[in-house]
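Have a look at the model, then read on.

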Amino acid sequence: MTCTIQNVLTQDAARLTEALTLDFSGARIEVQSLLQHVLNVSRAYLLAHPERYLNDSEQTRYSELLQRRLRGEPVAYILGEREFFGLMFKVTPATLIPRPETELLVELALQRITWQQSCRVLDLGTGSGAIVLSIAHAQPDVEVVAVDASIEALAVARENAENLGINKVVFMQSDWYTALDTRHFDLIVSNPPYVAIDDPHLQQGDLRFEPPSALASGSDGLKDIRNIVDKAPAHLESGGWLLLEHGYGQAAQVRELVQQAGFKSVFSACDLAGIERVSGGRKL
Ligand SMILES: C[S@@+](CC[C@H](N)C(=O)[O-])C[C@H]1O[C@@H](n2cnc3c(N)ncnc32)[C@H](O)[C@@H]1O
């Protein structure tokens with residue numbers, strides 16, 4: 001069958017919609033991403049050349065990628081990359097796929113960095129390095145330490161730092177604060193695992209392909225957040241901030257934990273969908 005860009009976009013967006021119960025516009029964007037990758041063109045090119053035919057090798061390559069997506073594999077793992085905060089990050093099945101809502105955590109962190117010159121930032125559970133590298137890219141003067149328990153994730157984060165030309169981040173393998181001794185920071189940020197271990201969402205959609213250790217956290221989803229909050233005061237300077245991403249419906253509990261740990265100016269902030277997504281407080 002002869003395949004034009006237009007045919008592929010229409011037919012395969014419909015196939016993806018049906019196979020993965022996606023909405024049609026989301027499925028169309030995914031097909032565009034696969035086509036862009038195979039043809040090595042921009043989205044604007046696809047839209048401007050709907051009549052362009054795919055040659056045999058392009059069709060073969062594209063079909064392989066589409067089959068993987070039809071089996072449920074996330075597009076970011078198929079392409080090996082995902083954009084976050086305007087930067088491109090390598091991702092592998094060892095790393096969480098950075099989510100758009102996590103950009104809120106970066107924005108809130110950057111707002112708190114501007115008030116002082118040499119700011120020390122700690123990112124707990126760095127994964128692909130999306131948060132810490134976005135911060136370091138926007139504020140090259142900050143001192144940054146990024147930890148993760150996964151050696152495989154740290155290798156990806158290091159590669160992303162190199163690709164982005166950011167060479168001052170210290171990456172450490174650590175179970176949260178364990179390897180940090182008594183080091184202190186002005187800002188601690190974290191997007192830790194926060195899904196309850198028996199949450200059925202873990203068996204659905206893209207989450208099935210992501211590392212369980214990046215997602216699940218005890219019976220109520222708050223095991224790692226409790227751990228991070230409890231020990232945060234010992235690693236923060238006076239006036240320093242703790243900022244945590246958390247799940248839908250967890251904001252009130254996280255605020256309570258932060259308050260109980262002695263933090264002041266405790267707050268939650270909403271993502272673009274209006275969901276309380278990041279909570280935090282300030283050590284006095
Ligand atoms: C939700 S992912 C966040 C990844 C990345 N920061 C992001 O926002 O895309 C949580 C990360 O925490 C790491 N992690 C889980 N348990 C940990 C622990 N005990 N100590 C350090 N890191 C841990 C996981 O390996 C994973 O990379």
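Which residues line the second largest pocket? They are Pro100, Glu101, Glu103, Leu104, Glu107, Cys270, Asp271, Leu272, Ala273 and Arg277. Please keep in mind that this is a predicted model, where local features need pLDDT of at least 70, side-chain atom pairs count only at pLDDT 80 or more, and totals for chains, interfaces and linings use all residues. Residues are numbered from 1 along each chain as its sequence is written, and side-chain values use heavy atoms, with hydrogens and water left out.

**The pocket**
- A pocket here is an open set of points on a 1 Å grid over the protein atoms alone, where a 1.4 Å probe fits, with protein on both sides within 12 Å along at least five of seven lines; lining residues have an atom within 4 Å of a point.
- The second largest pocket holds about 230 Å³ of space, a volume being the space filled by probe spheres set on the points.
- Helix α6 (residues 103-113) gives the largest share of its lining, 3 residues.

**Glutamate 245**
- You will find glutamate 245 in strand β7 (residues 236-245).
- Glutamate 245 is buried but has no salt bridge, and the nearest side chain of opposite charge, arginine 277, is 4.5 Å away.
- Buried means under 20% relative accessible area (1.4 Å probe, protein chains only), and a salt bridge needs a side-chain nitrogen of Lys or Arg within 4 Å of a carboxyl oxygen of Asp or Glu.

**Glycine 274**
- The loop between β8 (264-270) and β9 (276-282) contains glycine 274.
- Its C-alpha atom is 41 Å from that of leucine 54, 220 residues apart along the chain.

Definitions and conventions: Helix = DSSP H or I, 4+ residues; strand = E, 2+ residues; numbered from the N terminus. Buried < 20%, exposed > 50% of the residue type's maximum accessible area, 1.4 Å probe, protein only. Lys, Arg positive; Asp, Glu negative; His and termini not counted.
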